[in-house]
Amino acid sequence: MKPLIFKVALPVPLYRLFDYLPPEGVDGALIKPGVRLEVPFGKDTKTAVLIEICEHSELSTDKLKHVLSVLDDKPLLSAKDLQLLQWASHYYHHPLGEVISTAIPNALRQGKAMTIKAEKHYALTELGRTTDSNTLKRSPKQKCVLDKFQSSTLDLSEAELTAWNNHWRPAVTALIRKELVSIELTESVSAESKAIIRNPPLNCNSQQQQAIDSVCQKLGQFGVFLLEGVTGSGKTEVYLQIIQSVLARGQQVLILVPEITLTPQLEDRFKQRFAVDIALSHSNLTDKQRQAAWVQMKQGTCSIMLGTRSALFTPLKNPGLIILDEEHDASFKQQEGFRFSARDIAVVRAKQLHIPVLLGSATPSLESLYNVDKQRYQLLHLPERAGTALAPVLQLMDIRNKRIQEGLSEALVVEMHKTLAKNEQVLLFLNRRGFAPTLICHSCGWVARCQRCDANMVIHFDEAHLKCHHCGQEQALLKQCPACKAGELIPLGLGTERVEKALADIFKDKVTVRLDRDSTQRKGSLENYLQQINVGQVDIILGTQMLAKGHHFPNVTLVAILDVDSGLFSIDFHVAEKLAQMIVQVSGRAGRAEKPGKVIMQTRQPDHPLLVTLIQQGYRSFAKSALQERKAAALPPFSYQALLRVQSVDIKMPQDFFKALAGLIEKHNTGQTQILGPVFAPMARRAGLYRYQLLFQNVRRQELHVLLDALITEIAKLKQAKKVRWSLDVDPVDLY
Ligand code: ADP
Ligand code: ZN
Ligand code: ZN
């Protein structure tokens with residue numbers, strides 16, 4: 001009898017499966033695909049996943065090694081999970097072993113057992129609820145933790161505390177000793193005995209109700225819904241009520257958001273509404289916590305998962321619904337390694353599982369709007385703000401020839417004074433962190449450049465550093481020009497740090513917080529700032545794109561975008577779409593409560609068609625004309641693209657690669673795929689590597705993929721390919 005052959009996926013960057021023999025003394029036929037195996041690999045052992053069992057191998061049996069051990073009794077990945085991952089591996093032309101690595105948590109990838117320890121939850125005691133945290137002033141860490149508990153209406157799990165601050169444990173232990181905090185044993189309550197709802201739903205307006213009904217009618221079937229609603233129109237409320245129906249059917253919900261740590265308020269709203277546990281999955285958790293969340297969803301002991309893009313692959317025992325909030329957000333596309341679009345795979349997964357998928361946004365992506373046009377997606381529209389909130393008024397402020405101080409025009413400063421005098425908050429948006437993007441010598445013109453990139457070093461005065469935002473290179477701030485040794489060094493351009501300093505001068509008695517990647521690096525600092533803003537301790541909020549992400553600032557009535565122009569000129573056709581989305585998203589932060597908001601955009605291009613359309617006619621009209629432009633130029637979504645990136649420390653090496661590739665393309669490109677390039681990437685050198693790219697484009701997706709299939713197999717064998725770093729990005733969202 002022929003021995004059985006195990007075809008396994010290994011986490012290595014190779015486009016193939018590996019053949020092994022079953023473990024010695026074990027009947028291979030009893031083992032199911034989807035289990036993890038420990039296998040010998042070179043001098044090492046690795047954790048593999050069994051993909052299929054068959055009877056042939058291209059290698060002779062005596063060359064094959066035996067699997068060392070089987071790590072799971074039951075498959076870690078179901079047949080459907082494997083099918084989805086295989087589809088993704090094929091579509092994105094990425095090795096299956098690495099795709100699987102994205103789908104399972106680190107601990108399981110390393111072969112750890114699937115058992116999980118129940119998480120402890122902590123809650124305030126009666127004493128803790130009534131104690132003034134200022135009595136703990138002498139132990140600031142304990143005070144900080146007590147504040148955290150007192151500001152959260154519910155108990156906190158280990159995972160939540162870790163996400164908030166890695167070093168919470170000693171302080172919590174001290175608070176337990178002082179009987180201010182106690183350990184809750186939530187695991188003693190069984191899932192069935194619990195009610196689903198903690199707080200009742202709101203009374204919906206008719207549009208919300210229509211949206212809810214449309215999706216609820218489709219539960220148990222495939223369908224894609226695009227929920228388009230301006231910020232504050234009540235999308236989250238729609239999610240919550242649909243989720244309630246899904247839970248009532250005993251099914252699970254997967255909710256994907258761009259970045260959880262930036263939107264702690266969303267998680268809070270889920271916890272306020274539902275009495276069931278909510279599993280979290282994002283990169284700020286420990287390996288153990290991510291594993292626990294994953295296993296709970298797989299085993300069906302938890303019904304709701306809130307996570308970032310990789311959470312999409314979490315196995316579900318009783319899948320009911322997938323939601324993607326802020327579906328237009330670029331962070332749903334992974335930009336390195338396995339370059340997948342969580343939005344697109346979510347649709348494929350929902351189809352496979354026969355469940356609906358709900359995409360929500362105030363500014364839907366052009367792709368999704370196009371799919372609505374094509375009647376592939378069903379549009380649900382919430383045209384108005386929920387409750388009593390009014391939509392903000394957008395206006396362009398022409399700053400040509402106007403006096404301007406550190407990015408703030410006089411007219412804007414006047415508006416700010418007016419708003420602040422009413423005790424309302426101002427939000428300023430500038431999408432550049434640091435003090436200034438350029439350091440230049442006043443006498444000889446020397447500019448501080450990154451030695452490893454085609455980029456200027458950005459000045460960070462706070463840390464007295466020059467930093468490259470592309471490769472992370474840092475150096476001490478220079479005192480003297482290294483070229484002429486004489487000239488004065490001048491900061492050129494505007495970053496958030498610089499505006500912050502200007503604000504301190506102009507608005508002396510006002511409090512400003514700056515929210516950007518630098519100021520919120522410490523865990524918990526963003527949450528602290530958000531809280532200060534919400535309790536009204538802050539007058540001016542200044543920040544980068546972090547501000548465009550779903551925060552509610554009810555007392556903000558004036559929003560200013562300091563520099564819209566910098567986004568208007570780009571060779572990447574995606575940039576206009578992103579700029580329009582960003583403007584609308586930032587605008588949405590204003591006037592959410594009863595106070596109407598105003599949005600001012602400072603520009604030197606007051607007649608720019610993009611800005612004018614957006615302001616006079618709104619995002620939908622912008623999207624319509626942008627789609628027409630894309631159609632005229634045969635750009636996505638009217639065609640399909642794949643970007644081959646090639647990098648090398650040597651400027652010549654990629655050219656040899658492209659020469660060899662040209663031969664392959666000639667051989668295999670029997671269809672109509674256009675080949676654009678090779679050319680230098682817009683940033684030709686980054687982190688010491690020269691960067692080239694080649695774009696494939698075809699109006700027929702199938703034809704493009706046939707070509708890519710053929711090429712990938714052969715590229716992997718090219719000797720020139722071994723001397724460079726190359727990667728393929730299918731449906732790229734960023735052409736840099
Ligand atoms: P979005 O997710 O679209 O930004 P939210 O669901 O967060 O909108 O709703 C914005 C605000 O309006 C929230 O404070 C929410 O509680 C409130 N809200 C939502 N729906 C209703 C409703 N039907 N009636 C009253 N208030 C509502
Ligand atoms: Zn000089
Ligand atoms: Zn650099």
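This is a predicted model: local features need pLDDT of at least 70, side-chain atom pairs count only at pLDDT 80 or more; totals for chains, interfaces and linings use all residues.
1. The zinc ion (ligand 3) takes its protein donors from four cysteines: the SG atoms of Cys450, Cys453, Cys468 and Cys471 lie 2.2 to 2.3 Å from the metal. Along the chain, these donors follow the spacing C-x2-C-x14-C-x2-C. Cysteine 450 sits in the loop between strand 20 (438–441) and strand 21 (458–460), while cysteine 471 sits in the loop between strand 22 (465–467) and strand 23 (474–476), so the pair links distant parts of the chain, 21 residues apart.

2. As for geometry, the four donor atoms of the zinc ion (ligand 3) make angles of 105 to 112°, and the site is tetrahedral. For reference, the ideal angle for four tetrahedral donors is 109.5 degrees.

3. The phi of alanine 464 is positive, near 50°, in a residue that is not glycine. That is worth a look, because most residues other than glycine have a negative phi. Alanine 464 has a relative accessible area of 40% and is partly exposed.

4. Another alanine to check is alanine 634, in the loop between helix 19 and strand 29. Its phi is also positive, near 55°, and alanine 634 counts as partly exposed at 29% relative accessibility. The loop between helix 19 (619–632) and strand 29 (640–648) holds proline 637 too, and a cis peptide bond with omega of about 5° joins proline 636 to proline 637.

5. A cis peptide bond also joins glycine 677 and proline 678, with omega about 5°. Here the proline is in a strand: proline 678 belongs to strand 30 (residues 674–686).

6. Now for helix 11 (residues 287–299). Its 13 residues reach 18 Å from first C-alpha to last, close to the 18 Å expected at 1.5 Å a residue. The buried residues of helix 11 include Gln289, Gln291, Trp294, Val295, Met297 and Lys298. The buried residues of this helix pack against helix 2 (96–103), helix 3 (106–109), helix 6 (158–164), strand 10 (252–256), strand 11 (278–281) and strand 12 (304–307). Glycine 300 follows helix 11, with a positive phi near 80°.

7. The loop between strand 11 and helix 11 is the place of histidine 282. Histidine 282 has a relative accessible area of 4% and is buried. Leaving aside residues up to four places away in sequence, histidine 282 touches Ala163, Ile260, Thr261, Arg290 and Thr308.

8. Last, a helix pair. The axes of helix 5 (residues 140–151) and helix 7 (residues 169–177) come within 9 Å and cross at roughly 80°, which means that helix 5 is roughly perpendicular to helix 7. On the helix 5 side, the contact is made by Lys141, Gln142, Val145, Leu146 and Phe149; helix 7 contributes Ala171, Val172, Ala174 and Leu175.

How values were computed. Residues are numbered from 1 along each chain as its sequence is written. Chains are lettered from A and ligands numbered from 1 in the order in which they are written. Side-chain values use heavy atoms; hydrogens and water are left out. Donors are N, O and S atoms within 2.8 Å of the metal (3.2 Å for Na, K and Ca); water is not among the atoms, so sites may look incomplete. Four donors count as tetrahedral if all angles lie between 85 and 135 degrees; four count as square planar and six as octahedral if opposite donors are over 155 degrees apart and all others between 65 and 115; anything else is irregular. Helices (H or I, at least four residues) and strands (E, at least two) are DSSP runs, numbered from the N terminus. The expected span of a helix is 1.5 Å times one less than its number of residues. Buried means under 20% relative accessible area, exposed over 50%, partly exposed in between (1.4 Å probe, protein chains only). Contact means heavy atoms within 4.5 Å. Axes are lines fitted to C-alpha atoms, for helices over the stretch in contact, and angles run from 0 to 180 degrees between N-to-C directions. Angles under 35 degrees count as roughly parallel, over 145 as roughly antiparallel, 65 to 115 as roughly perpendicular and the rest as oblique.
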